[in-house]
Amino acid sequence: MRDLAPASDLAPRPFGYFVHHQGRGHAERCGAVLRALHARAPERELRVFCARDDIFEHLPPTARITRIPSLFEPEGPVPPGMDAVPTPDTVHCAPLGWPGIRRAMAAMARWFDEADPALMISDVSAEVAQLSRLCSVPHVKVLQHGDRGDPGHRAAYDGAAGILAPFDRALAQPDWDEGMMARTFFAGGLGVDPDLPGRDLARARLGIAPAERVALVVSGGGGDGMSEAPLGVAARTFPEIRWITVGEVRRDWHATLPGNLEHAGWVGDMGDRIAAADLVVASTGNTTTARILAAGRPWIAVPEWRYFDEQVEKARALARAGAALHLDRLPASAHRWREAVEQATALHDPERQKRLVRRDAAPATARWLEGLSCRLWGLDPTPEETTEDLSDA
């Protein structure tokens with residue numbers, strides 16, 4: 001890492017950005033925000049801290065990735081006595097005896113001291129957020145759904161200069177208090193291109209006939225995927241529909257799989273596939289959610305296991321907003337599959353879904369971040385930064 005002089009009056013202070021390396025949503029959000037920030041202030045340094053440097057695309061030239069050890073995976077054996085020390089309620093992932101965590105935190109603290117940053121964005125780690133606060137660096141905490149009223153999350157949120165929600169205000173949880181909501185900027189669809197192709201164009205690209213009925217099953221990149229057996233039941237229940245899975249699928253020896261069920265694996269044309277589908281069955285990861293909403297497709301939302309029930313709470317929020325049918329698990333019988341498909345089709349409102357994705361999510365986020373930074377450091381924001389309204393975001 002090169003030495004950095006403290007920020008001068010001639011250039012804006014740098015922005016830092018911690019990115020969790022699980023899945024792709026964190027990196028996609030980061031890239032969108034940094035490109036928008038660079039467009040507004042090309043001279044600002046943007047520093048990214050992440051355990052991987054191969055998950056980012058099209059970062060601006062002023063962005064630099066500092067690869068740090070993972071905060072969640074040990075590099076070697078841990079002395080046996082360390083795990084006997086209980087984890088306090090104020091942190092989530094703070095195991096003892098991990099040199100990698102020590103080096104990661106030291107790299108960020110060193111940069112705080114050398115670069116004199118304006119803001120540190122945490123997407124996501126409560127510990128990194130608290131580190132920023134302890135190092136006297138204002139931080140912005142990215143907000144995720146879930147059961148996060150514990151002391152560790154509350155410390156990260158309560159200590160934040162601002163909170164960034166990569167979803168629409170209509171998907172807020174009822175347990176988020178007024179003080180938290182007042183500091184939250186809602187940027188629905190942040191990190192995802194809302195300009196998905198129409199159904200006919202998407203089908204032409206994929207070689208799918210216009211009249212063919214297609215159901216798309218999407219598993220996210222942060223878990224083990226959906227089970228194959230219930231998908232076999234679905235395909236046998238609707239033999240007239242072509243069922244296509246993308247992402248990880250867990251194989252079941254007892255599954256009886258018909259010919260209208262096919263596994264595409266990991267694909268690079270997810271936007272086209274969602275836009276081409278007549279029905280989507282998917283988990284509720286951030287990127288998947290934003291793409292389905294942008295495409296306005298009938299959706300059976302089946303959350304995968306995540307820490308703090310993140311996807312469960314997001315599925316509940318989508319159901320409250322009328323944007324998806326929430327099921328706790330994939331249907332286990334033909335009659336339950338018929339019921340689910342009928343319900344998802346009946347409640348489908350594509351315009352309601354599309355309203356939850358903000359077309360200018362990244363530029364608006366950049367305006368909000370710069371306005372927040374100006375207020376914190378006693379600088380004069382631009383008129384557009386001043387008028388960025390949190391309540392309408």
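Predicted model: local features only at pLDDT ≥ 70, side-chain atom pairs only at ≥ 80, totals over all residues.

Trainee: Is Arg 251 buried or exposed?

Mentor: The general idea is to compare the relative accessibility with a cut-off, and exposed means over 50%. Arg 251 has 58% relative accessibility, and therefore counts as exposed.

Trainee: With which residues is Arg 251 in contact, leaving aside its neighbours within four places in sequence?

Mentor: Those residues are Glu 228 and His 263. With Glu 228 there is also a polar contact between the side chains, at 3.0 Å.

Trainee: What is the order of the strands in the open sheet of 6 strands?

Mentor: The order is β12-β10-β8-β13-β14-β15, and the pairing is parallel. β12 (261–265) and β15 (325–326) each have a single partner strand, so they stand at the edges and one side of each lacks a neighbour in the sheet. Within this sheet, β8 (residues 214–218) and β13 (residues 279–282) run parallel and are joined by 4 bridges. Ala 215, for instance, stands opposite Leu 279 in β13.

Trainee: What is the strand order in the open sheet of 7 strands?

Mentor: Here one reads β3-β2-β1-β4-β5-β6-β7, again with parallel pairing. Its edge strands, β3 (63–67) and β7 (184–186), each pair on one side only. From one strand to the next, the twist averages 20°.

Trainee: How many bridges join β1 to β4?

Mentor: There are 5 bridges between β1 (residues 15–19) and β4 (residues 119–123), which run parallel. Tyr 17 has Ile 121 as its bridge partner in β4. Helices pack on this sheet too: α2 touches β1, β2 (46–50) and β4, and its direction makes about 165° with that of β2. α3 touches β1, β4 and β5 (139–142), with about 165° between its direction and that of β5.

Trainee: At roughly what angle do the axes of α2 and α3 cross?

Mentor: To read a helix pair, one considers the axes and then the residues in contact. The axes of α2 (residues 99–115) and α3 (residues 126–134) cross at roughly 35° and come within 11 Å. The crossing is right-handed. Met 105, Met 108 and Phe 112 of α2 meet Glu 127, Val 128, Leu 131 and Ser 132 of α3. By class, this contact has 5 nonpolar, 1 polar and 1 charged residues.

Technical notes. Residues numbered from 1 in each chain as written. Heavy atoms only, no water. Pairing = 2+ DSSP bridges. Helix = DSSP H or I, 4+ residues; strand = E, 2+ residues; numbered from the N terminus. Buried < 20%, exposed > 50% of the residue type's maximum accessible area, 1.4 Å probe, protein only. Contact = heavy atoms within 4.5 Å. Polar contact = N/O pair within 3.5 Å; in protein donor to acceptor, adjacent residues only side chain to side chain. Axes fitted to C-alpha atoms, helices over the stretch in contact; angles between N-to-C directions. Left-handed = near helix turned anticlockwise from the far one by under 90°. Nonpolar A, V, L, I, M, F, W, Y, C, P; charged D, E, K, R; others polar.
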